[in-house]
Every structure is written in structure tokens, then in C-alpha cells.
Amino acid sequence: MKVFIRSASCISPQKTFNADGFLNDPVEYIGTRLQTIEPDYKEFIDPKLMRRMSHIIKMGVATAKDCLNKAGVEMPGAIITGTAFGCMEDTITFLTRIIEMGEEMLPPTAFVHSTHNTVAAQIALHLQCHNYNTTFVQKGISFESALIDGMMLLKEQEANDILIGGTEEMVDTSFKVLTRLGLYKRHPVSNLDLFNDHSKGTIGGEGAAFFLLTDKDSPDNLASLTAVKTLYKPNSIADGIAAFLKSNDLTIYDIDLIITGKNGDIKNDEVYEELEDTLFKNNPIANYKHLCGEYPVSSSFALWLAANIAKSGEIPEIVVEKQTGKSPKTILIYNHYQNKYHSLMLVSAI
Amino acid sequence: MSSAVYIAGIGVISAIGNDVAGHLESFKQEKEGMGDITMLNTVHRGEIPVAEVKLTNEELIKITGLPANASRTSMLSLIAAKEALADAAIPGFENLRSGFVSANTVGGMDKSEDFFKEFLADNNKGRLRDVYDHECGSMTEIVADQLGVSDFLTTFSTACSSSANAIFYGARLIKSDMLDIVIAGGVDALTKFTLNGFNTLLILDKEFCKPFDANRQGLNLGEGAGYVVLVSDKVAATLNKKPYCKLTGYNNSNDAFHQTASSPDGTGSYMAMQGALKKSGLQPKDIDYINLHGTGTPNNDSAEGTAIKRVFDPVYPPMSSTKSYTGHTLGASGGIEAVFSILAIKHGIIYPNLRFQTRMDELPVEPVKHFISGQKIKNVMSNSFGFGGNCTSLIFSAI
């Protein structure tokens with residue numbers, strides 16, 4: 001059975017949501033943190049309900065609804081989300097109040113919206129959707145876990161029109177803590193110059209991207225999602241990639257474009273550079289994290305990028321590292337998160 | 001493709017025992033695990049009862065061998081998952097494709113709380129090692145490494161239905177031939193975050209909880225972990241002992257009513273139970289015992305009771321909420337109660353719903369009040385319903 005990406009919607013630090021062009025006007029940020037460009041949420045969410053919603057919920061509900069609108073689907077057969085940190089804004093709010101108010105007379109709102117399944121739950125609530133609904137929280141493969149579940153549901157013929165998204169919000173507290181943990185650069189950098197900085201650390205990011213997966217063939221589909229695989233601490237990532245391609249009856253020569261998860265951290269990017277000298281030597285290469293920053297479900301941005309490249313046949317210049325000029329039909333996304341979690345996604349033009 | 005998925009091993013830790021044998025003993029003695037808070041550093045000590053695992057962090061570190069700063073969540077998870085895997089004793093485990101699918105709701109929050117107090121006073125303070133494993137997925141990663149499982153791992157977080165979702169996801173991974181073995185279930189440790197969270201919702205009983213009782217006042221929070229080892233039919237055939245049972249039915253439906261409250265007619269619960277029955281090919285009359293979600297809150301038990309009436313009326317199987325023993329262990333409850341459901345089939349036992357006095361209006365029957373053994377139990381339904389409308393029912397069936 002073939003799995004198609006019917007539609008996609010993405011809120012990111014770039015003009016990706018309801019944008020006219022396809023990353024043809026990249027937004028530059030100076031610093032170590034990229035924040036999303038906020039759409040007019042009123043178009044998607046009742047302003048009365050919106051007051052109680054944190055950033056991640058607003059992004060999630062808006063992209064989910066936009067994705068359904070684009071697909072012309074009112075009721076998805078399943079709603080599946082991936083997020084590593086979940087609803088950080090409400091979590092931090094509640095933690096702060098516990099301490100500041102000495103555990104007495106706390107308001108419940110932040111707590112009830114702090115659970116990791118809140119985004120998927122709020123989407124279900126908005127749509128009055130009683131179907132399969134779940135949330136994966138496995139660090140750098142949270143989004144891929146959601147995709148694997150959705151593809152399995154399609155193959156089991158348990159559901160169709162499956163809405164799948166990755167959502168992550170960066171709040172001041174998490175940015176500060178992750179900076180102290182050494183994830184980000186110690187000096188401001190232009191995101192558009194990220195790969196020329198050659199230093200330790202990356203830049204933080206956030207965003208939400210939703211996709212509608214279907215088994216129904218249509219000329220309106222964006223692309224087909226051939227396969228998704230996660231690898232945890234693999235012995236050899238090159239062997240893992242080769243095995244993945246082989247299991248899909250492909251070799252590296254069949255791949256027209258590789259989208260890598262390079263994030264500008266010299267240590268992190270060694271893995272990709274080694275592959276570019278070996279297995280990926282003859283492949284066109286694109287990168288994306290200078291546009292959206294590093295975050296655990298950033299691969300959802302990469303999938304949005306790949307699906308739109310497959311549909312349009314054009315590769316936005318801002319993502320190109322090495323190009324051949326051929327319009328890509330078969331795209332491999334390879335991302336790793338802190339060199340522990342590796343993921344592979346195969347996207348093809350329809 | 002494996003057509004059936006078998007349960008080859010089980011492991012559990014909660015306030016009423018540190019392993020399966022300890023639980024069976026507490027059940028027989030009708031001894032609940034609730035009491036005053038002794039470990040959590042909170043102002044609610046002496047005021048709100050909880051069901052703590054009867055081991056301090058220091059004792060857990062000794063037992064598990066995890067680092068001194070390990071989250072209680074990871075330690076509880078490791079103990080139960082290890083017990084389950086040892087119980088399964090799968091020949092040639094190393095050469096089979098194995099996965100660890102876990103679940104929890106607040107990950108390493110117990111340690112993050114310590115960090116955050118200092119951090120809030122000064123953003124450059126707070127020991128980073130206390131916040132390093134904050135994420136839910138970190139707990140799974142730590143335990144998977146200890147179990148020697150690396151082919152596949154993931155974590156569910158759907159509030160109180162988390163580990164029920166993990167269990168049937170594990171079964172689906174086996175059925176779709178991605179894996180041969182999955183250790184699946186979930187964990188949660190008591191934290192100030194959840195204690196205060198539930199307290200703000202005014203749904204914590206100041207006495208020991210009375211699930212499904214007309215005069216119920218709320219839930220008691222608990223902690224623990226429960227895991228099952230799921231195997232394909234091929235692996236089941238190689239086992240040195242008979243598997244416990246099969247997982248035959250499962251369904252995940254959403255109530256889509258309110259972020260925290262259940263709909264009055266229990267729409268999500270009803271759909272989850274009906275869906276699980278349909279998946280298993282069973283009729284309501286085939287169910288020999290229902291392990292209720294039965295938190296003890298007025299809202300949950302009313303919605304669940306109403307949904308049970310819609311599914312089962314007029315013939316009701318015996319039912320009880322084992323949360324009257326363990327408290328509500330949140331993300332762990334589906335895993336812990338799956339283990340209890342499996343033990344009910346294996347030993348022919350039904351657990352009492354402790355402290356039950358008065359039948360509630362929503363149901364024409366009462367839950368089981370005393371421990372019963374010598375029953376012939378073929379099919380058990382286990383319910384797990386949570387915030388966000390996430391409702392999941394599982395059905396375990398004798399072989």
C-alpha cells in the first residue's frame with residue numbers, strides 16, 4: 001500500500017504559513033534563538049478559547065485546521081502528535097506558582113493544559129473528533145514515532161485521513177536551561193550564516209507542522225511518504241541508511257536529494273560530513289535547521305520542506321548545499337538528535 | 001505476520017507490593033497501599049493521603065544500580081520492566097527484534113522540581129544534572145539501555161490512558177512484523193507537580209478513596225510501574241512455559257467533551273469498550289471481569305458507570321477498581337492494571353473494590369466487595385481513561 005501526504009501546514013520562524021512563495025524570502029535572525037512568525041490565529045480559533053491557550057496549543061490547533069482545510073477533510077480518522085517537551089509554557093507557569101504560592105490556592109488552568117496530550121486533545125475537542133487520538137514523547141524521534149503509528153494505522157486499514165503533527169514551543173526557561181546545558185552557541189550568529197560559523201553549539205528553534213496522510217491516490221496529493229525509520233544508538237549509521245534504502249528496493253544512486261539535519265554545531269555535524277565524504281558523496285544535499293532552528297521535532301519542518309519540493313519540483317535556493325539541477329523525485333531526510341536518535345524518511349514525487 | 005499476540009511476562013511495582021508476588025499477597029489480605037505522605041517534600045503532608053511505593057529513593061538506587069541523581073520514575077520503571085523480562089525468560093532474546101514501548105506523564109519532574117526551586121531564585125543556579133532527564137522520553141531511554149533493548153523505543157503520554165496505549169501499540173508492532181518482542185507498559189512517580197495539580201481540581205479525597213461508591217469524594221494519587229512482555233506466535237512457541245494469555249481487544253477513542261472532565265454519558269469510554277469488544281470478536285456477555293478505570297472522582301465513575309450500563313445492560317460481569325488498593329497511578333495505571341487483569345485470568349481471582357458501601361445510581365449492580373478465588377476467567381476488560389478525553393480499553397483472553 002502507498003501512503004500519500006495529502007496536505008501539509010507549517011508554522012515556523014520562516015514565512016511558511018499561508019505564504020505566497022516557497023522559502024524565497026528567508027528571514028534572518030541574529031542571536032541563538034529563532035521564534036515562530038505568528039499568524040492571525042483568530043482565523044482558526046475562537047478568540048474566547050484562545051485566551052487560555054499557550055503558544056504550542058495555538059500553533060498546533062491552527063496548523064492542524066489549516067492542514068485539514070487544504071486537504072478538504074472535515075473529520076480525520078485519527079489525530080497523532082509528537083512533542084518532546086510538551087506544553088512547557090503551562091508547565092513552567094504551574095511550577096512557578098507551586099513555589100511562589102507555597103502550594104496553596106493555586107489556579108488549575110495551567111495544570112490542566114500542561115499535559116503532553118493537550119494539543120491532540122484540543123484538536124479533537126475543536127473538531128468533535130472521537131477517533132484514535134494519541135501523543136508520542138520520545139525526545140528527538142517524537143514526530144517520527146507519530147508518523148510510524150499513522151502509517152501503521154493506514155496499513156491496518158483501521159483509519160484513513162490521518163492527521164499527524166509535530167509541535168514544540170521554546171519558552172524563556174527552557175531556552176535558558178538548554179543554553180546552560182551547552183546546546184546553543186555562546187555568541188550571537190546570523191541564522192543564514194549558521195553553517196559558516198564552525199563553532200560548538202547550535203541555535204534553538206520551535207514550530208508546528210501537521211500533515212494529512214491518506215492511502216487514496218490523487219493528483220492533488222503533495223507527495224508519497226514511502227517509509228519512515230528510527231534508529232537508536234546505531235553501530236553504524238551508514239549501514240543503517242544502506243539497509244533502509246535496500247528494504248525499500250533503492251540504492252543511494254536513486255536518491256535525488258538528501259535533506260540533512262545539520263545544525264551548525266561542529267560536533268553534531270561530523271556525522272553528516274562523514275557521510276557526505278562517503279555514502280552521500282554523489283548526492284545533492286540540502287539543509288534546513290538554519291531556517292527553523294534545532295528542536296526535537298524539527299524533522300516535521302524537514303518533511304514539510306521535502307513534500308513541497310516533491311510537489312513543486314523546485315528546491316529553494318536557501319536550503320541548497322550541493323545541487324545537480326535535476327528536479328528531485330526521490331528525497332531522503334536524514335536527521336539525528338544529539339547523535340542518539342537517528343531518523344530516516346523517504347519522500348517521493350507522485 | 002503474527003496473527004495473535006501473547007503475554008509472556010509481567011512485572012509490577014506499586015504501593016501494595018514491589019513485585020507480582022507481593023501484589024497477590026496484598027490483594028488476598030485486602031490491604032490497601034494508601035497512607036500519609038512520607039517521601040514527598042510538600043505542605044500537604046498529613047492532609048492528603050497518597051499511595052507511595054514503600055521504598056525510599058536511596059533504597060531504589062541500591063536495588064536498581066542507577067546513578068544517585070536518577071529520577072524515581074526511571075527507577076520504578078526499571079524494576080517492573082526487569083521483572084517482566086525475567087519472568088518471560090525468552091530463549092535467544094538477544095537474537096530477536098525487541099522493543100521497549102513505555103509511557104508516563106511527567107518524566108523526571110521529581111528532579112526538575114528540585115532544580116526549579118533554585119533556578120527560580122537565580123537563573124544561573126540549580127544543578128543541571130537534576131534537569132537533564134526532565135523529558136518523558138528520558139525515562140524510557142534509561143530503562144531501554146538497562147534492558148539491552150535498542151531495536152525500537154518510544155513513549156506515550158496521553159495522561160491516565162498512557163500505558164494502555166503503549167501496550168496495544170506494542171501488540172500492533174508485533175502484528176505488523178516490525179518486532180518479535182515488545183516490553184510495554186508505563187510508569188509514574190509521585191511529584192509535587194501532579195499532587196498540587198490534582199489538588200487544584202478539587203478531586204483528591206482526604207480519606208482513602210471509594211471508587212464507584214455513591215458517596216465517593218475523589219481519588220488518591222499513587223505511583224508505580226507495570227509492564228507486560230508481548231511476543232509473537234513464533235516466539236510464544238519457543239517459550240519454556242505457557243504464556244499467560246493473549247491481548248485480543250483494544251481501542252483508543254476520544255471523548256472530545258472537555259480538557260479534563262468526562263462527558264455525562266461517557267461517550268469516549270463507551271466507544272473504547274465497544275471498539276475493544278469488536279476488535280476481539282467478543283460479545284459483552286463473554287467478559288468475565290472488568291478492571292475499572294474507577295478513579296473515585298464523582299465525574300469519572302459516573303461517566304464510566306453510565307458507559308458500562310450502555311454496553312453491558314442487563315447482564316453485568318463482576319467489576320472492581322483496584323485503585324482502591326494502589327491509588328491512581330496516572331500514566332502507570334494502564335500497565336499496572338493490565339498486569340492485574342492478566343493475573344485474574346492466570347489465577348482465577350477477582351479483586352475487591354475496597355471500602356465500597358453504597359451503590360451509585362448510574363449502575364444497577366455493585367462492584368465485587370471481597371477477594372474471590374477459584375473463578376474461571378477467560379476474558380478481562382481493562383479500562384483506562386484520561387485527561388484530554390483519551391479513552392482506551394484493552395481485553396485480555398485466556399489461551
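Trainee: How many Å separate the centres of domain 1 of chain B and domain 2 of chain B?
Mentor: 20 Å, taken over C-alpha atoms. The bounds are 5–236 for domain 1 of chain B and 247–397 for domain 2; domain bounds come from an automatic or database domain assignment. This is a predicted model, in which local features need pLDDT of at least 70, side-chain atom pairs count only at pLDDT 80 or more, and totals for chains, interfaces and linings use all residues. Residues are numbered from 1 along each chain as its sequence is written, and chains are lettered from A and ligands numbered from 1 in the order in which they are written.

Trainee: How many residues does the contact take from each domain of chain B?
Mentor: Domain 1 of chain B puts in 61 residues and domain 2 of chain B puts in 54. Two residues are in contact if their C-beta atoms, placed from the backbone, lie within 7 Å.

Trainee: Which element gives the most on the domain 1 side?
Mentor: H6(B), with seven residues on the side of domain 1 of chain B that touches domain 2 of chain B. Helices (H or I, at least four residues) and strands (E, at least two) are DSSP runs, numbered from the N terminus. By class, that side of domain 1 of chain B has 32 nonpolar, 20 polar and nine charged residues. Ala, Val, Leu, Ile, Met, Phe, Trp, Tyr, Cys and Pro count as nonpolar, Asp, Glu, Lys and Arg as charged, and the others, Gly among them, as polar.

Trainee: And chain A, how far apart are its domain centres?
Mentor: The C-alpha centres of its two domains are 21 Å apart. Domain 1 of chain A covers 4–214 and domain 2 covers 223–348. Their contact takes 49 residues from domain 1 of chain A and 39 from domain 2 of chain A. On the domain 1 side, H6(A) has the largest share, six residues.

Trainee: Switching to the chain-chain contact. How many residues of each chain are in it?
Mentor: 47 residues of chain B are in contact with 46 of chain A. H7(B) gives the most to the chain B side, five residues. The classes on the side of chain B that touches chain A are 16 nonpolar, 26 polar and five charged.

Trainee: Is H7(B) mostly covered or uncovered?
Mentor: Mostly covered: nine of its nine residues are buried, among them Lys192(B), Phe193(B) and Asn199(B). A residue is buried if 20 or more other C-beta atoms lie within 10 Å of its own, exposed if 12 or fewer, and partly exposed in between, with C-beta atoms placed from the backbone.

Trainee: What do those buried residues pack against?
Mentor: Helix H3 (88–100) and helix H4 (109–112) of chain A, together with H4 and S6 of chain B. Just after H7(B), Leu202(B) takes a positive phi of about 60 degrees.

Trainee: Back to chain B overall. What is its radius of gyration?
Mentor: 20 Å, which agrees with the value near 21 Å that a compact globule of 399 residues would have. The radius is taken over C-alpha atoms, and the globule rule is 2.2 Å times the number of residues to the power 0.38. Chain B has twelve helices and twelve strands, and buried residues make up 65% of its 399 residues.
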